[in-house]
Amino acid sequence: MRAMVIHAPGAPDTFTMADMPIPEPGLGEIRVQIKAASLNPADYKMTANGNPAWQYPFIPGLDAAGIVDAVGEGVTGFVIGDHVAYHGSFMKPGTYAEYGITKAHMAGRIPSGVAFEEAAAFPCAGLTAYQALLDKLNVKAGRSILIHAGAGGVGGYAIQLAKLLGASPIITTASAANTDYVKQLGADVVIDYNTEDVVARVMEATNGLGVNYILNSLNRVTAQADLTTLSFGGQLACIAGAPETVADFQPSYKTFSVHKMMIGGAHLSGDVRAERELGTMTEEFMQLISDRKLNAIVEKKISLEEIPAELTRLAQRHVRGKIVVVM
């Protein structure tokens, strides 16, 4: 099969095309003929340092959609020919290839009317937003939310989900060039992080009370500043780094909660319940796309050969929405 591989840890420009053996599914696994995959920041972050568990040449990539091509022993619920999407484990060969392997119970069936490109776009970013807003933050209608980096994958899905849940106002950060884009997704207040004081603008938008919920996909520094903008009883969900001084930051009269998230942790948990929840969430998310309640935010379609250049562009944070590889 054709695949994009790395021969050692490195930047995206070290990726190369290769002919690799088609993998065989093991106990409880399915093999998927991949029709579409998507790019995520996690892809270039993980390949930069590599992993002791990887055998080289290694195939990166986490998100995929395609057709079940083979079924391992003990698999129930899926048969050859089913259309599925899944979020893969970064510990195993990934989705930048024509075939991939996943645990059957971690995959989700693609509803009729959802294209492979749409199904492949969301798992890493969309499931992160979905779990953050519905499970961790438990967003309620009429309450305010700050979503950092609204033009990105996680941010773009989170804004749409917040709108569905009735959050108000929905505040996001974005560059001036992406203001109209995030407003179309459902943002009420857009803060230009390049020219404006984010903390001051959030407090202004919430009449000095602070925001009820925050989703931070950026870094520890901005997550630390986020504590200042939380309301009484507010909640902060962090993806790329939690605040370092949570314990003594606020006085006792301003309680808050912090959630540290990593959607891929389910693969490492050893908890079958957590693994099955990933598959369940995948199907729930795709149903929202099928019902046209969510836009899959596919902004660009590329070939396997274009992955290095597009991952480099993604690393420079010049990407809106999702980039999808079409096989």
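Strand β3 (residues 29–38) pairs with strand β4 (residues 63–71) in the antiparallel sense over eight bridges, where helices (H or I, at least four residues) and strands (E, at least two) are DSSP runs numbered from the N terminus, and two strands pair if DSSP finds at least two bridges between them. The model is predicted, and for this reason local features need pLDDT of at least 70 and side-chain atom pairs count only at pLDDT 80 or more, whereas totals for chains, interfaces and linings use all residues. Residues are numbered from 1 along each chain as its sequence is written, and side-chain values use heavy atoms, with hydrogens and water left out.

Glu29 lies in strand β3 and is buried, with a relative accessible area of 15%, on a scale where buried means under 20%, exposed over 50% and partly exposed in between (1.4 Å probe, protein chains only). Leaving aside residues up to four places away in sequence, Glu29 touches Glu24, Val71, Gly72, Val75, Lys92, Ile101, Thr102, Lys103 and Ala104, contact meaning heavy atoms within 4.5 Å. By comparison, Gln287 has its place in helix α9 (residues 272–290) and is partly exposed, with a relative accessible area of 36%. The C-alpha atoms of Gln287 and Thr95, 192 residues apart along the chain, are separated by 22 Å.

An open sheet is formed by six strands in the order β10-β9-β8-β11-β12-β13, with parallel pairing. Its edge strands, each pairing on one side only, are β10 (189–192) and β13 (256–260). Neighbouring strands of this sheet are turned by 15° against each other on average, direction ignored; axes are lines fitted to C-alpha atoms, for helices over the stretch in contact, and angles run from 0 to 180 degrees between N-to-C directions. Strand β9 (residues 170–174) is joined to β10 by four bridges, the two running parallel, and the bridge partner of Thr173 is Ile191 in β10. Helix α4 (residues 153–165) packs on the sheet, touching β8 (145–147), β9 and β11 (211–216), and its direction makes about 160° with that of β8. Helix α6 (residues 198–205) likewise packs on the sheet, touching β8, β9, β10 and β11, and its direction makes about 165° with that of β10.

The table sets out two spaces in the model.

| Space | Volume | Residues nearest the centre |
|---|---|---|
| Second largest pocket | about 300 Å³ | Pro23, Ile59, Lys92, Pro93, Gly94 |
| Largest cavity | about 60 Å³ | Met46, Phe58, Pro60, Gly61, Phe90 |

On a 1 Å grid over the protein atoms alone, a cavity is a set of points where a 1.4 Å probe fits but cannot get out, and a pocket is an open set with protein on both sides within 12 Å along at least five of seven lines, lining residues having an atom within 4 Å of a point. Grid points are joined across faces, edges and corners, and a volume is the space filled by probe spheres set on the points. The 19 residues lining the second largest pocket divide into 13 nonpolar, three polar and three charged, and strand β6 (residues 99–103) gives the largest share, three residues.

Note on methods
Ala, Val, Leu, Ile, Met, Phe, Trp, Tyr, Cys and Pro count as nonpolar, Asp, Glu, Lys and Arg as charged, and the others, Gly among them, as polar.
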